[in-house]
Amino acid sequence: MLALAREQDTMAWYTAKLTEGLFVGNEVGLFKNFESYLNKYNKLPTLEHLFEKFADLKAVPFPEPPQVYLDEVEARYKYNVINDANVESQQILATDKTAVNEAYDVMMQASLKIQGRDLGKRIISFKEDAPKLLLSDYHDTTFDKSVMKFHWDTVDRRTKGASGGDFISMVGRPQAGKSWVMLYNSYQNFAIEAKSSLFVSMEMNALAMSQRLGSLHSTTPITGLKTKQYSTITYNQFLKSVQHLPNTGNGADIYIVDGNLAADIEDIYMLAHQLHVDAVYVDGAYLCRTKNSRANRYDRVTEVAESIKRYTTSLNIPSFTSWQFNRDAVNKKGSQRGETSEAGLENIGMTDAVGQLSSVVFGLMQQKSVETLNSRTIDILKGRDGETGKFRIHWDFINMDFSEFPEEEQGMLQFI
């Protein structure tokens, strides 16, 4: 609860569905104070308030993110339920060895109790929970600390970033720059927002991903790094930035995984859960596999998209993914002239599930030309609240800049 108060994460409080029964001893009083404060002021209590009310809390360390402690509370609750049921069933059998049905019922009730709690956390009661949730959100005008920013102002100002459960898709033709955009977003959230992420590439090895991230961090050209031909001045700049890297991100990290064309989507999210990351990036998601080895290529891609949405929702973190357009998109009007074509969600390759399940879909649809040497246009094919339109970003491999052009921050989106 102290971590929640530190982060002022009201949404995490509501989605955790905390109840008095989860706490023991002096924790109960702290929980009641939380509820009372929230009901009265429509926000979580501050640490100053809690330390004033509970002076002994000042000696309690809480360095981890709130979710770490929430998981520990849930684990303790499940342990107590299972342990109590085990003791009761053993007592029944000790009294009467034939009372197996009664002992079984006790264990079943414990199992149902745990399952009910897990399922209940996914449900928001409009009558009971929504009033407090809506009021808390209305009075909170700050950028939610739990989200991952896109670091393109046009999108961030309208979407407030990518929240837990958001399935974000970047779609483009081969060699369109999807990987660069994904790595740029991951690095910006790491270096500026101190957000950790798991970055899985199905097409690049760990060295290639590290080189790209290193060039973003040092703002030195990727070509010189790959060919080992930096000038002395550029190399010194690169060396200094790499040496400073351990001090970047305020404890956050980017965990790089080489998918090598054979990564199971289930394993990716199991690893994300173990690492307690803030987001998952899957570059080349259409190449991922599932545990269903019998599925054909098209069914497999659909299963991958559905699994990403399911795990994203379950872990309450955003997922950023990249996909390819199908061949029909190449023949769309304008695509042969270097202009942005008219390809849409229906042109995402191999499955309709990506367009259906994604919260936001971006399209990189320009062919390489003189116009795309220093800038790229990103189309918004689907927005969370119906946004459509486009915006332009830098495409600068000298200074490693993929930010949005400031002069186009206004008036580029249409709303339906």
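# Cavities, core and strands of a predicted model

Visitor: Which residues line the largest cavity?
Guide: In this predicted model, a cavity is a set of points, on a 1 Å grid over the protein atoms alone, where a 1.4 Å probe fits but cannot get out; lining residues have an atom within 4 Å of a point. By that rule the lining of the largest cavity consists of F150, W152, I168, M170, V181, M182, N185, Y281, F320, T321 and F362.

Visitor: Which element gives the largest share of that lining?
Guide: Helices (H or I, at least four residues) and strands (E, at least two) are DSSP runs, numbered from the N terminus. Two or more residues of the lining of the largest cavity come from each of β1 (167-172), α9 (178-191) and β5 (319-324). With three residues, the largest share belongs to α9.

Visitor: How do the residues of this lining divide by class?
Guide: Ala, Val, Leu, Ile, Met, Phe, Trp, Tyr, Cys and Pro count as nonpolar, Asp, Glu, Lys and Arg as charged, and the others, Gly among them, as polar. Applied to the largest cavity, this gives nine nonpolar, two polar and no charged residues.

Visitor: What is the volume of the largest cavity?
Guide: The structure holds two cavities of 30 Å³ or more. Grid points are joined across faces, edges and corners, and a volume is the space filled by probe spheres set on the points. For the largest cavity that comes to about 90 Å³.

Visitor: Which element gives the most to the lining of the second largest cavity?
Guide: The second largest cavity has a volume of about 40 Å³. Ten residues line it, and V155, T159, I380, G383 and E387 are the closest to its centre. By class the lining holds four nonpolar, three polar and three charged residues. Four residues come from the element that gives the most, α8.

Visitor: What conventions apply to the numbering and the values?
Guide: Local features need pLDDT of at least 70 and side-chain atom pairs count only at pLDDT 80 or more, while totals for chains, interfaces and linings use all residues. Residues are numbered from 1 along each chain as its sequence is written, and side-chain values use heavy atoms, with hydrogens and water left out.

Visitor: Which residues does L216 touch?
Guide: L216 is one of the core residues that touch the most other members. Contact means heavy atoms within 4.5 Å. Leaving out residues up to four places away in sequence, L216 touches W180, L183, Y184, Y187, M400 and F402.

Visitor: Which residue of β6 is the bridge partner of S169?
Guide: Two strands pair if DSSP finds at least two bridges between them. β1 and β6 (360-364) run parallel and are joined by five bridges. Within this pair, S169 has as its partner V361.

Visitor: Which residue of β7 stands opposite G363?
Guide: V360, F362 and L364 point one way from β6, V361 and G363 the other way, and all are buried. β6 pairs with β7 in the antiparallel sense over four bridges. Opposite G363 stands D379.

Visitor: Is H151, with its positive phi, buried or exposed?
Guide: Most residues other than glycine have a negative phi. H151 has a phi near 65 degrees and is found in the loop between α7 (130-139) and α8 (153-159). Because its relative accessible area is 15%, H151 counts as buried.

Visitor: How does T219 count by accessibility?
Guide: T219 also has a positive phi, near 50 degrees. Its place is in the loop between α10 (206-218) and α11 (222-227). Exposed means over 50% relative accessible area, and partly exposed lies between that and the buried limit. Because T219 has 38% relative accessibility, it counts as partly exposed.

Methods:
Buried means under 20% relative accessible area, exposed over 50%, partly exposed in between (1.4 Å probe, protein chains only). On a 1 Å grid over the protein atoms alone, a cavity is a set of points where a 1.4 Å probe fits but cannot get out, and a pocket is an open set with protein on both sides within 12 Å along at least five of seven lines; lining residues have an atom within 4 Å of a point. A nonpolar core is a set of buried Ala, Val, Leu, Ile, Met, Phe, Trp, Tyr and Cys residues joined through side-chain atoms within 4.5 Å.
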